[in-house]
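Let's take a walk through the inside of this one. Have the structure open and follow along.

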Amino acid sequence: MHLFEPFECRDVTARNRVMVSPMCQYSCEEMDGLATDWHLVHLGSRATGGAGIVMTEATAVTPRGRISPQDLGIWSDEHAEALRPITEYIESQGATSAIQLAHAGRKASTYRPADGRGPRRDEAGWTPVGPTSEPWPADEPLETERLDIEGIERVIDAFVTAARRAVDVGFDILEIHAAHGYLLHEFLSPVTNTREDDYGGSFENRTRLLREIVREVREEIPEGTPLFVRISATDWLPDRKSWTVEDSARLAGDLEPLGADLIDVSAGGNHPDQQVPEPGPHYQVPYAERVAESGVPVGAVGKITTPEGAEEVVRNGRADLAIVGREHLRDPYFTLHAAKELGYEAPVPRQYTRGFD
Ligand SMILES: Cc1cc2nc3c(=O)[nH]c(=O)nc-3n(C[C@H](O)[C@H](O)[C@H](O)COP(=O)(O)O)c2cc1C
């Protein structure tokens, strides 16, 4: 297996194994959640740049599931339609389009990073929801609402409806965001989930919400559409009862029979006390390798910044996809450069051939 070998999953074939990692752009008009020219040009230029799979940022399935008021959303048909030009353009470039469906849980209602982060209390803010009423431990945290059973059912419905809308406007691959301390991760981890009903307590109960979402989304979308799940492999809280890499491998094994096709393996984000290891090159790849022991295909992410590095991850079978985040902010043409440097045929758009002679 090598980086430029097509990635086949259900009815989809991506031209290579580079995926643009989901990255929030905080670029909607405040509060409206509709895709703008920024999203089209940003995602489109990574498709022109040769990536196999181009994934949107975390796209909120409900308004309260946004991180900031400028987040992208897919909670109505109008929101979905605003994304259609993006899927059409990505396809026109020979790339595969993917969308990350997300709910920010108790980490919602913040300022976007450019405006200073932290809880948003003005008229543009809202009350976040979580597995419990325990808020994200910020300075002066926002009051948080514990989801009751009806609230949980509404969240499941929101993911399922969003998934259908995403397929209808042309997304080839869907990803459920269950990482980084957002709602679904909050349910998975004993650090954030101290519920005493069917959705808290045991491993089985804490994973129930994600399992139900995966099962119901899979029933809603076409058989041929791949479904990815992004998880945080670990809470990075070794000194307390928390979510571990072993839990992640077990979860992956539970999700595959429900219809998950690939686990996108990230880490952390669930608590400010997390102890992040020195983030050297490929520092999260060993987590992907551990999760892959469950037999489920995986994507590796985290400081993969060079063509050789991406190739190493795939060629040595450490992951099925090399997922590249910040390097794609520096270089939209990462994949074209990688192909040239590694000696593969680059998917150069005809308009740009003179630049890659
Ligand atoms: C600006 C920015 C926005 C991000 N937004 C998201 C997001 O919407 N969803 C997500 O799962 N991860 C998000 N991440 C995490 C990245 O997808 C990626 O996992 C992380 O940056 C590590 O990969 P890298 O070292 O290649 O950047 C974001 C990261 C950055 C830098």
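What covers the buried residues of H6? The cover includes H3, strand E8 (173–178), helix H4 (183–188), helix H5 (203–206), strand E9 (227–232) and helix H7 (245–255). A word on ground rules: this is a predicted model, where local features need pLDDT of at least 70, side-chain atom pairs count only at pLDDT 80 or more, and totals for chains, interfaces and linings use all residues. Residues are numbered from 1 along each chain as its sequence is written, and side-chain values use heavy atoms, with hydrogens and water left out.

Helices (H or I, at least four residues) and strands (E, at least two) are DSSP runs, numbered from the N terminus. Buried means under 20% relative accessible area, exposed over 50%, and partly exposed in between (1.4 Å probe, protein chains only). On H6, the buried set is Arg208, Leu209, Leu210, Arg211, Glu212, Ile213, Val214, Val217 and Arg218. The length of H6 (residues 208–220) checks out too: its 13 residues should span 18 Å at 1.5 Å a residue, and its end C-alpha atoms are 18 Å apart, which agrees. That expected span is 1.5 Å times one less than the number of residues.

Over on H7, Val245, Asp247, Ser248, Ala249, Leu251, Ala252 and Leu255 are buried. They pack against H4, H5, H6, E9, strand E10 (262–266) and helix H8 (285–292), with contact meaning heavy atoms within 4.5 Å.

In soluble globular proteins, nonpolar side chains tend to be buried together. Not counting residues up to four places away in sequence, Leu174 touches Ile99, Ala163, Ala166, Val167, Val217, Ile221, Thr225, Pro226, Leu227 and Phe228.

On a 1 Å grid over the protein atoms alone, a cavity is a set of points where a 1.4 Å probe fits but cannot get out, while a pocket is an open set with protein on both sides within 12 Å along at least five of seven lines; lining residues have an atom within 4 Å of a point. Points are joined across faces, edges and corners, and a volume is the space filled by probe spheres set on them. The whole structure has one cavity of 30 Å³ or more. For the linings, Ala, Val, Leu, Ile, Met, Phe, Trp, Tyr, Cys and Pro count as nonpolar, Asp, Glu, Lys and Arg as charged, and the others, Gly among them, as polar.

| Space | Volume | Lining make-up | Largest share of lining |
|---|---|---|---|
| Second largest pocket | about 160 Å³ | four nonpolar, three polar, three charged residues | helix H3 (residues 149–168), four residues |
| Largest cavity | about 40 Å³ | six nonpolar, four polar, two charged residues | strand E4 (residues 53–60), three residues |

Residues lining the second largest pocket include Thr62, Arg64, His103 and Glu145. Among those around the largest cavity are Ala58, Asp71, His103, His177 and Tyr182.

**Two loop residues**

Arg10, in the loop between strand E1 (7–9) and strand E2 (12–14), has a positive phi of about 50° although it is not a glycine. Arg10 is partly exposed, at 33% relative accessible area. Tyr26, in the loop between strand E3 (18–20) and helix H1 (37–48), has a positive phi near 45°, but Tyr26 is buried, at 18%.
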